[in-house]
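Here are some notes to go with the model. Please keep the structure open while reading them.

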Amino acid sequence: MVKRPEEWELEGFLEAFGWWVQSDSPPESVQQGVLRWIHGVFDDPYMFAKRVPDFPNFWQARIPGSRDGQGHIVVCSYWVYEGTQTVKCDLFGTFWEETLE
């Protein structure tokens with residue numbers, strides 16, 4: 001039997017998700033895409049993510065399935081603590097995709 005690796009512990013993702021929904025009022029389909037991505041972070045917090053320069057534990061991810069069809073995409077920034085297998089959400093934001101590097 002193959003032992004499955006432990007999941008990461010997530011902190012603050014649902015709270016930040018709620019604040020983002022309240023602030024940006026994204027369409028339901030975008031909200032569902034973000035929730036699917038959050039679920040995936042349990043298994044792999046580095047999926048679709050890039051490390052923020054000069055901050056060794058700070059990551060940003062453009063969330064697949066979060067495009068609204070009008071040029072926007074949702075980005076999440078968060079901290080990864082490998083020693084404790086903890087991922088702490090900083091915030092979600094909706095951005096014009098063409099303005100992101």
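The points below cover the sheet, the helices, the core and a salt bridge.

1. Basis. This is a predicted model, in which local features need pLDDT of at least 70 and side-chain atom pairs count only at pLDDT 80 or more, while totals for chains, interfaces and linings use all residues. Residues are numbered from 1 along each chain as its sequence is written, and side-chain values use heavy atoms, with hydrogens and water left out.

2. The sheet. Five strands make up an open, mixed sheet in the order S1-S5-S4-S3-S2. Strands (E, at least two residues) and helices (H or I, at least four) are DSSP runs, numbered from the N terminus; two strands pair if DSSP finds at least two bridges between them. S1 (9–11) and S2 (49–51) are the edge strands with a single partner each, so one side of each has no neighbour in the sheet. From one strand to the next, the twist averages 35°.

3. S4 and S5. These two strands pair in the antiparallel sense over ten bridges. His72, for example, has Trp96 in S5 as its bridge partner.

4. Helix H2. H2 has 14 residues and spans 20 Å from first to last C-alpha, close to the 20 Å expected at 1.5 Å a residue (the expected span is 1.5 Å times one less than the number of residues). Its buried residues include Val30, Val34, Trp37 and Val41; buried means under 20% relative accessible area, exposed over 50%, and partly exposed in between, with a 1.4 Å probe and protein chains only. The buried residues of H2 pack against S1, H1, S3, S4 and S5.

5. The core. Which residues touch the most other members of the largest nonpolar core? Of its 22 residues, they are Phe13, Trp37, Tyr78 and Phe92. Such a core is a set of buried Ala, Val, Leu, Ile, Met, Phe, Trp, Tyr and Cys residues joined through side-chain atoms within 4.5 Å. H2 gives the most to this core, with five residues. Leaving aside residues up to four places away in sequence, Tyr78 touches Phe13, Trp37 and Val87, among others (contact means heavy atoms within 4.5 Å).

6. The salt bridge. The count is one, where a side-chain nitrogen of Lys or Arg must lie within 4 Å of a carboxyl oxygen of Asp or Glu. Glu97 and Arg67 form this bridge, with their closest N and O atoms 2.7 Å apart. Glu97 lies in the segment after S5 and Arg67 in the loop between S3 and S4, so the pair ties together parts 30 residues apart in sequence. Glu97 counts as partly exposed at 23% relative accessibility, and Arg67 counts as partly exposed at 47%.

Terms used
Axes are lines fitted to C-alpha atoms, for helices over the stretch in contact, and angles run from 0 to 180 degrees between N-to-C directions.
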